[in-house]
Amino acid sequence: MKKSFIMGSLILAFLASCNNEQLAIVSYEAGKSPDVVNFEKAIKSLGNSENKETPEEKMQRGNSSELNNRRKDLLIPSALGLIKSTGATESKIRKETQGDRDKILVWAVKIYNEKLNNINNNLKNQ
């Protein structure tokens, strides 16, 4: 009888912890704005077979870890959307970046990290 009670208690505890983890994941995902989600999707799309570097692009890049122009172009629309979601205007973006895609991407990654940190902090404070 004791073994059944202990086993039942362990199973309930396990199920409760799994449920809490699922709630945390759902809360985390629900806290992301559409612009954050779009930027994540764009980053993940770089791993798709049609978006991977070709052998020629790898040779041109050499030992550099920088993205090639084609792959940067895949990220720019969602990066601009993420930047604009903070209230930045087209003119401010042009002024800050002078159209430099690297500067746009760095700015977007900074915003992305800040937004994820805010989501994490909000979840911790709940």
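**Helix packing and selected residues**

Tutor: The crossing in which α2 passes α6 is left-handed, where left-handed means that the near helix is turned anticlockwise from the far one by less than a right angle, and right-handed that it is turned clockwise. Helices here are DSSP runs of H or I with at least four residues, strands are E runs of at least two, and both are numbered from the N terminus.

Student: Before we go on, what kind of model is this, and how are residues numbered?

Tutor: This is a predicted model, in which local features need pLDDT of at least 70 and side-chain atom pairs count only at pLDDT 80 or more, while totals for chains, interfaces and linings use all residues. Residues are numbered from 1 along each chain as its sequence is written, and side-chain values use heavy atoms, with hydrogens and water left out.

Student: Back to α2 and α6, at what angle do they cross?

Tutor: Their axes come within 11 Å and cross at roughly 120°, the axes being lines fitted to C-alpha atoms, for helices over the stretch in contact, with angles that run from 0 to 180 degrees between N-to-C directions. The two helices are therefore oblique to each other, given that angles under 35 degrees count as roughly parallel, over 145 as roughly antiparallel, 65 to 115 as roughly perpendicular and the rest as oblique.

Student: Which residues meet there?

Tutor: From α2 these are V36, F39 and E40, and they meet A108, V109, Y112, K115 and L116 in α6; contact means heavy atoms within 4.5 Å. By class, this contact has 6 nonpolar, no polar and 2 charged residues, where Ala, Val, Leu, Ile, Met, Phe, Trp, Tyr, Cys and Pro count as nonpolar, Asp, Glu, Lys and Arg as charged, and the others, Gly among them, as polar.

Student: And how does α2 pack with α4?

Tutor: Helix α2 and helix α4 (residues 69-84) pack at an angle of about 165°, and their axes are 9 Å apart, which makes α2 roughly antiparallel to α4. The crossing is left-handed. On the α2 side the contact involves D35, V36, N38, F39, A42 and I43, and on the α4 side L74, L75, S78, A79, G81 and L82, a set that divides into 8 nonpolar, 3 polar and 1 charged.

Student: What about α5 against α6?

Tutor: The axes of α5 (residues 90-97) and α6 (residues 101-124) come within 9 Å and cross at roughly 115°, so α5 is roughly perpendicular to α6. Here the crossing is right-handed, and the residues in contact are K92, I93, E96 and T97 of α5 with K103, I104 and W107 of α6. Their classes are 3 nonpolar, 1 polar and 3 charged.

Student: Which residue sits in the loop between α5 and α6?

Tutor: One of the residues in that loop is Q98, whose phi is near 50°, a positive value in a residue other than glycine. Q98 counts as exposed because its relative accessibility is 57%, with buried meaning under 20% relative accessible area, exposed over 50%, and partly exposed in between (1.4 Å probe, protein chains only).

Student: Switching to K32, is that lysine buried or exposed?

Tutor: K32 is buried, because its relative accessible area is 10%, and K32 lies in the loop between α1 (2-30) and α2 (34-45). Leaving aside neighbours within four places in sequence, K32 is in contact with V37, E40, L116 and I119. K32 and N118 are 86 residues apart in sequence, yet their C-alpha atoms are 9.9 Å apart.

Student: And I83, what does that one touch?

Tutor: I83 is in helix α4 and, not counting residues up to four places away in sequence, touches A88, I93, I104, W107, A108 and I111. I83 counts as buried because its relative accessible area is 0%. The C-alpha atoms of I83 and D35, 48 residues apart along the chain, are separated by 8.7 Å.

Student: Last topic, how many helices and strands are in the whole protein?

Tutor: The protein has 6 helices and 0 strands. Of its 126 residues, 24% count as buried, and among contacts with a separation of 6 or more, 65% are between residues 24 or more positions apart.
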